[in-house]
Amino acid sequence: MAKLTRELKAKGIDIVDLSIGEPDFDTPPHIREAAKKAIDEGFTHYTPVAGYADLRQAVVHKLKRDNNLEYAPEQIIVSTGAKQSIANAVLSIVDPGDEVIIPTPYWVTYSELVKLCQGEVKFVPCSIENKYKITPDQLEAAITPKTKLFMFSSPCNPTGAVYSKEELAALAEVFARHPQIFIIADEIYEYINYVGKHESIAQFGDLKERTVLINGLSKGFAMTGWRLGYLAAPTALAKAADKIQSQFTSATCSITQRAAITALTGDLSSAMAMVAAFKKRRAFIYGALSNITGLKVIEPEGAFYMFPDVSAFFGKSFEGATINNADDLCMYLLHKAHLSVVTGAAFQQRNCIRISYANSMEKLEEGMKRMAQGLGQLQ
């Protein structure tokens, strides 16, 4: 969709792009200043593979401050984005033939990394009625003697689902009965939470000893282009991730690392201001989608995506374009309404589309007008 959107824009067509999973804000000034200072102070050389020692300590500080979790610096590995952190973790855990449970809808990279390790993916479909969250019964039913890993995100891309402390505690009870299973908890959208305090599954019992927490700076600090993520893991897993990373990329950018210390230890008011803006946009776009007959939509609890069920439009047509599935609907909206969104098929949910509201209110208002008009034309 991004490629097609760029091509149409290059032809002079006005496309409202609500497909991008990236904050539209600039990185806060105090973080940019820290990067400039790092350049002037000569932080331009190789760094330790796992990151500067004071940066790893800053991550330890953050995890204690925000999550009340105790880690040592040697349990932290800093990477070139959270995606590399996830890759390090999966490569450290999964062997050929191991089963990996992934609740869906999910972020597509999870399954591709499992395939890279020759593991076997077991998808567990989650319903809109349960806000796209896996239940303890579903988890228990999916586990077999071959299950090695469970991967999930909260807040979730693409649904915006957020697991409460009570929901995580119920899942933790299941994991307590299956001590062979590792957990990768992707918490990259941690700060973008509209329903209360972020909760981590690592807080329950001894799960911290087999949980890898994934986080980074892209979403909460609007630092997508800076490329810095990190994992917090049991010591043996962290050492394995360190070895793997040393053969792929070594450390991430030295300047980014210095800026990250300021982001992680400094004032969070700029991050919270972005969240406040996202919350206003969420209210607008949820109201707009709720007013379109045929859409089935729930209000997301985190992240910056809406994930409406569009199956009521399947079988309808306009000017020779027939909608058979979510893929068709996305192409129809792109070419007929000049609105770019993402098919839910990319996330293992073929009845839905993903709409990003990480865009200006002006663009969102125009986008919702185009969506209402485009869907209204289908008969």
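Y52 is buried, at a relative accessible area of 13%; buried means under 20%, exposed over 50% and partly exposed in between, with a 1.4 Å probe and protein chains only. This is a predicted model, in which local features need pLDDT of at least 70, side-chain atom pairs count only at pLDDT 80 or more, and totals for chains, interfaces and linings use all residues. Residues are numbered from 1 along each chain as its sequence is written, and side-chain values use heavy atoms, with hydrogens and water left out.

The ring of Y52 pairs edge-to-face with that of F43, with centres 5.8 Å apart and planes at 85 degrees. Rings of Phe, Tyr and Trp (its six-membered ring) pair if their centres lie within 6.5 Å; planes under 30 degrees apart are stacked, over 60 edge-to-face and the rest tilted. F43 is partly exposed, at 23% relative accessible area.

R258 lies over the face of Y52, 4.9 Å from the ring centre. A charge sits over a ring if NZ of Lys or CZ of Arg is within 6 Å of the ring centre and within 35 degrees of the ring normal. The charged end of K133 is placed over the ring of Y163, 5.9 Å from its centre.

## Aromatic pairs

The count of aromatic pairs is 16. One of them joins F25 and F278 edge-to-face, at 5.5 Å centre to centre and 75 degrees between the planes. This pair links distant parts of the chain, 253 residues apart: F25 is in the loop between β1 (16-17) and α2 (29-40), and F278 is in helix α10 (residues 269-290). Helices (H or I, at least four residues) and strands (E, at least two) are DSSP runs, numbered from the N terminus.

F25 is partly exposed, with 26% relative accessible area, whereas F278 is buried at 1%. Ring pairs also join F25, Y189, F278, F304 and Y305 into a cluster.

## A sheet of three strands

An open sheet of 3 strands runs in the order β9-β14-β13, with antiparallel pairing. Two strands pair if DSSP finds at least two bridges between them. The edge strands are β9 (305-306) and β13 (342-343); each has a single partner strand, so one side of each is left without a neighbour in the sheet.

Between β13 and strand β14 (residues 353-356) there are 2 bridges. The bridge partner of T343 in β14 is I353.
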